[in-house]
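Here is a short briefing on one structure. Please look at the sequence and the 3D view before reading the points below.

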Amino acid sequence: LTTDKELNVNEISETFGIDYSIFEDSALMADDSQVRAGVISFESPTFSKSDLANYQKKFNIPANPIQKVIPVQPLGSQDGPELTLDIDMLSTIAQKVQIWNFVYGSNFDFIPVLDAVASTEGAPKLFSISYAEPETIFGESKVKANNAAFLKMSLTGITFISGAGDSGAVLNPNNCKTFDAEFPATSPYVTSVGGTAIEKSSGVEKAWINGGGGFSLYNTRPSYQDDHVDSYLKTATLPSNANSATYNTSNRAYPDVAAFAAFYPMEYMGYMSPSGGTSGATPQFAAVMALINVYRYQKGLPPLGPLNQALYQLPNVGFDVTVGKTYAHSRYGCDQIYAVGFEPTEGWDAVTGLGSPKFDVLLDAFTKA
């Protein structure tokens, strides 16, 4: 039985400390890409407008239907639970923010989607991405090509936020021994979100046991991470050679931040049921930053753009998660093979990154002219 406390979207917003009173309706309703947030989804899912309306009504959230759906490839006929969770979280925490959805097929390639974003007038300046695959599934050349596309779009002022995965320090499916890593969470041009949970008995925020994190196979470590990661490597108890697991600590480390991965209700196919994972944590953090983009718009400041370098220069992002543990496993051919994963510590760690967000801390940090 889980020892994690269930949180609804109102409790999540309250924990983050979001103050909705500071937002002007004129900004929220503006015809401007900066006050919009997007969801990128794969496997051609649809979503239920009635499920979303019921979900928002249940938690007394102002009605916030999806404003626009852009099918990069033809839509399927089945509502997608992954997309449903994305939209439930993003539309209810980023209250009244205009939500767009870019939809692609089953091939996990971000380049066609990013090309569509570039060619769509008024496309959002912030995107939540809950879909990920191990880097070995992508392959090095595809990872590099997708990185270039993320960099190109980031330079236009777009923020990309992606989930760190739900397989802990994910094992390489080719050998079930070495550690893999989740892409696009490992892209230097994407902000990666790990997972936390609230312990029922103590009320303490801890690392979520399945939260993704670790080190990229293919992407070198950006210099802005050096001090944080080097400190972690000196103080943390790192995974031993259980199952001969190995990883390259000189490469891009992830996640960058964290949010609640366990657990919360979602409305799917007319039923309310518990859900979780970094697929929910990602749109939570994206919602916080989308609201900050709106506030920046009110103050005449430009879109946030890429976040990572600025995040690593902050004294903190809100709450530093220092307790909990994770495991290493894989959803691809490594059944029954588990190893000890990374652990949370003070400061940055390979489970919860720099920590979970507090709205006032990030608002102050990102609205200084």
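The second largest pocket has a volume of about 180 Å³. This is a predicted model, in which local features need pLDDT of at least 70 and side-chain atom pairs count only at pLDDT 80 or more, while totals for chains, interfaces and linings use all residues. Residues are numbered from 1 along each chain as its sequence is written, and side-chain values use heavy atoms, with hydrogens and water left out.

**The second largest pocket**

- A pocket is an open set of points on a 1 Å grid over the protein atoms alone, with protein on both sides within 12 Å along at least five of seven lines; lining residues have an atom within 4 Å of a point.
- A volume is the space filled by probe spheres set on the points, which are joined across faces, edges and corners.
- The lining of this pocket has 15 residues, and Pro188, Tyr189, Pro306, Asn308 and Gln309 lie nearest its centre.
- At least two lining residues come from each of H7, E6 and helix H10 (308-311); helices (H or I, at least four residues) and strands (E, at least two) are DSSP runs, numbered from the N terminus.
- By class, ten lining residues are nonpolar, five are polar and none is charged. Nonpolar covers Ala, Val, Leu, Ile, Met, Phe, Trp, Tyr, Cys and Pro, charged covers Asp, Glu, Lys and Arg, and polar covers the others, Gly among them.

**Helix H7**

- Helix H7 (residues 140-154) has 15 residues and reaches 21 Å from its first C-alpha to its last, close to the 21 Å expected at 1.5 Å a residue. The expected span is 1.5 Å times one less than the number of residues.
- Buried residues of H7 are Val143, Asn146, Asn147, Ala149, Phe150, Met153 and Ser154. Buried means under 20% relative accessible area, exposed over 50%, and partly exposed in between (1.4 Å probe, protein chains only).
- Seen down the axis of H7, these buried residues fall within an arc of 165°, so they line one face of the helix. The arc is taken from the directions from the helix axis to the C-beta atoms.
- Ser141 and Lys152, on the other side of H7, are exposed.

- Ile111 belongs to helix H5 and counts as partly exposed because its relative accessibility is 26%.
- Leaving aside neighbours within four places in sequence, Ile111 is in contact (heavy atoms within 4.5 Å) with Ala145, Asn146 and Ala149.
- Between the C-alpha atoms of Ile111 and Asn146 the separation is 6.0 Å, and the two residues are 35 residues apart along the chain.

Note on methods: 1 Å grid on protein atoms, 1.4 Å probe; cavity = no way out; pocket = protein on both sides within 12 Å on 5 of 7 lines; lining within 4 Å.
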